[in-house]
Amino acid sequence: MNKREKFFKILKFTSVFLAVLNAIFFFAMKCCWSGLSSFLKYGSNHIEFLYYLPPIVSGLFFILAITSIILFIIKDKTRNIWPLIVLSLDLIEAAIIIAVTIFGAIDYLYFIIPDFITYSLIAGFLYFIANFMFIYPKKERKTKNIIKGITFGSMVVVLSITLLNLTINSFSTKPVVYAVEDTYQIVFSTSSESIGYVKINNKTYADTYAGSYENSKIHKIIVPQKDLDEAKNYEIYSQKMFYKGPFGGFKGREIKESFAFRPVNSSDGISYYSLADIHMEKNGSIKASSYLENKDFLVLAGDIISMVDSFSNANYVNKVASEITKGEIPVIYARGNHEIKGKWADKLYKFVGSKNQNFYYYFTLGNSVYGWTLDIGEDHDDDWWEYYGTADFETYRDEQISFLKEEKDKGTYLSYPYHLVVCHIPLPFINSRKNHEESKKEFISILNELDIDMEISGHQHDLLIFEPGLITPNEQLKYNIEYDGKGKTYKGYLLDFNFPTFLASKRGLTQTDDAKLAYSHNQIGFNVQVDSSFTNETVYYNNVNGEKVNVVNPFFDKNYGDTITIDLATKSFN
């Protein structure tokens with residue numbers, strides 16, 4: 001083989017490698033394809049071609065990859081211009097992918113890279129099989145025997161592990177104690193499919209489905225609040241199911257761990273910490289929350305996950321909550337709009353606090369806190385193109401409005417001194433698109449009658465404070481120049497609400513810094529401390545350095561400093 005032939009063989013190989021890499025990576029980016037369509041203004045003009053352009057481009061990338069492979073296989077010593085053309089197209093593809101990643105997909109690399117690795121391993125396996133079929137017969141006898149031994153040994157190991165179910169069982173995520181109605185839902189996960197149960201004072205509460213112990217990696221056990229509050233400790237158990245047949249089965253050894261529990265005790269007041277929109281930033285969030293040492297409970301106000309595309313994603317809320325609480329205090333969870341997206345989103349209710357597969361319910365904590373978690377759903381109306389005709393959140397919101405009316409009529413909340421609402425999308429705030437405008441008006445009209453002491457929300461990725469009675473309702477908003485530096489007009493407005501609403505957290509160190517999700521490990525969280533007489537609550541934000549964060553009202557010329565005190569009788573701010 002002369003130098004020219006060697007050069008073009010290397011050129012062909014480079015072309016194949018880059019083309020396959022491009023095709024696999026762009027396909028792994030499918031979670032961002034709707035973002036590309038949106039960037040191309042499909043949502044504005046609804047040109048069908050723009051909607052289908054990303055999958056069409058993905059198909060073209062694969063066609064180019066197949067073409068590169070064919071050119072590599074074909075021995076062509078004369079028409080070597082084709083590998084150059086294909087390689088040029090490969091480089092253009094790579095430039096497109098890099099641009100899309102930097103300007104739109106970088107926040108989703110957490111999802112893209114695992115898919116890319118999986119698809120690459122599949123491609124590598126297919127390459128191995130092709131070599132085994134077409135090149136292996138040409139090898140020497142010694143090489144043949146080595147390949148045979150490796151192949152046979154690998155098959156034996158894989159089949160043994162699969163058929164005998166030999167993986168070791170352990171607790172992969174420690175427990176999280178979600179407060180739902182007057183119960184706790186204790187959730188933990190195991191490394192193998194197993195049965196799970198909890199013991200409180202030697203009484204067993206099991207993870208069952210229709211009377212049978214459920215065999216799963218995620219376990220949710222419902223226990224009465226009063227039982228755990230009185231016991232102040234509990235044990236979690238798991239036994240792996242090696243085999244579950246029609247008339248018998250084989251269980252592995254019983255594993256267990258013990259945990260202390262501290263119920264909410266308001267004798268010296270209550271304190272709680274809130275986070276929202278952390279979007280998979282576990283470490284910064286845990287560090288920020290650590291500065292409030294004696295928390296009575298934790299509030300997670302949605303978008304803890306960026307997309308629920310796997311078991312691990314669905315379990316991510318528990319990873320965050322268990323590391324913050326150590327299973328020792330209650331957790332309140334409200335679903336965010338990003339936790340509606342992905343293949344495992346319809347299974348999320350098994351992993352977190354929920355009621356009848358829904359994410360709205362009342363909750364109690366001790367004899368002092370009565371609250372409601374609400375779930376607006378997606379952040380656009382149901383006919384928004386990205387939902388491809390699968391959304392019916394209007395009906396879901398109507399159910400919650402009826403639920404709140406029943407709660408008001410029931411009046412149980414009146415015997416509790418502190419009333420808390422948790423909803424990912426802030427209810428008093430109507431955005432420039434006026435999404436859910438009528439539903440929010442109905443929510444607010446009911447909540448205004450429930451003597452709400454605090455609403456915790458998120459969604460905007462900003463530290464926004466909505467102080468009741470400060471801004472004229474139903475009038476176009478204008479930003480405080482201290483907040484955005486320009487005093488720009490905002491097309492949305494605030495409803496006529498009478499309770500404090502705070503957006504719980506954002507990425508960054510200050511209220512106004514512009515920290516991108518993909519680059520920053522900084523996180524700001526929200527502290528609330530209520531005095532023992534329930535006459536005042538003191539609130540402040542803190543960052544990962546333990547520093548209190550100075551905040552201003554986003555739509556009014558008011559600087560709150562780093563601490564705000566609220567009179568709970570009048571809901572007036574200091």
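The crossing of α4 and α5 is left-handed, and this description, like all that follows, rests on a predicted model. The contact between the two is made by L60, F61, L64, T67, S68 and L71 on the α4 side, and by W82, P83, V86, L89, D90, E93 and I97 on the α5 side.

**Packing of α4 and α5**
- Helix α4 covers residues 48–73 and helix α5 covers residues 81–105, and the two pack with their axes 11 Å apart at an angle of about 150 degrees.
- Because angles over 145 degrees count as roughly antiparallel, α4 is roughly antiparallel to α5.

**Packing of α9 and α11**
- Helix α9 (residues 282–289) and helix α11 (residues 316–325) cross at roughly 30 degrees, and their axes come within 10 Å.
- That angle makes α9 roughly parallel to α11, and α9 passes α11 in a right-handed crossing.
- On the α9 side the residues that meet α11 are K282, S285, I286 and S289, while their partners in α11 are Y316, K319, V320, E323 and I324.

- Helix α13 spans residues 437–447, and its buried residues are E437, S439, K440, F443, I444, I446 and L447.

**Overall build**
- The protein has 574 residues, of which 50% are buried, and its secondary structure comes to 14 helices and 29 strands.
- Along its principal axes, the C-alpha trace spans about 90 × 65 × 45 Å.
- Of the contacts between residues at least 6 apart in sequence, 72% join residues at least 24 apart.

**Nonpolar cores**
- The largest nonpolar core has 94 residues, and those with the most contacts inside it are M29, L300, W372, L404 and L427.
- Helix α1, made of residues 3–28, gives the most to this core, with six residues.
- Apart from this core lies another one, of 53 residues, which includes V177, Y184, V264 and F297.
- Once neighbours within four places in sequence are set aside, L300 is in contact with L275, V317, A321, V331, I332, Y333 and A334.

- Residue Q511 lies in the loop that runs between β22 (506–507) and β23 (523–530).
- Is Q511 buried or exposed? Its relative accessibility is 4%, and because buried means under 20%, Q511 counts as buried.
- A polar atom of the Q511 side chain lies 2.8 Å from the backbone oxygen of L463, and a polar atom of this side chain also lies 2.8 Å from the backbone nitrogen of V552.
- Leaving aside neighbours within four places in sequence, the residues in contact with Q511 are L463, Y483, K506, V549, N550, V551 and V552.

Conventions. Residues numbered from 1 in each chain as written. Predicted model: local features only at pLDDT ≥ 70, side-chain atom pairs only at ≥ 80, totals over all residues. Heavy atoms only, no water. Helix = DSSP H or I, 4+ residues; strand = E, 2+ residues; numbered from the N terminus. Buried < 20%, exposed > 50% of the residue type's maximum accessible area, 1.4 Å probe, protein only. Polar contact = N/O pair within 3.5 Å; in protein donor to acceptor, adjacent residues only side chain to side chain. Contact = heavy atoms within 4.5 Å. Core = buried A, V, L, I, M, F, W, Y, C linked by side-chain atoms within 4.5 Å. Axes fitted to C-alpha atoms, helices over the stretch in contact; angles between N-to-C directions. Parallel < 35°, antiparallel > 145°, perpendicular 65-115°, else oblique. Left-handed = near helix turned anticlockwise from the far one by under 90°.
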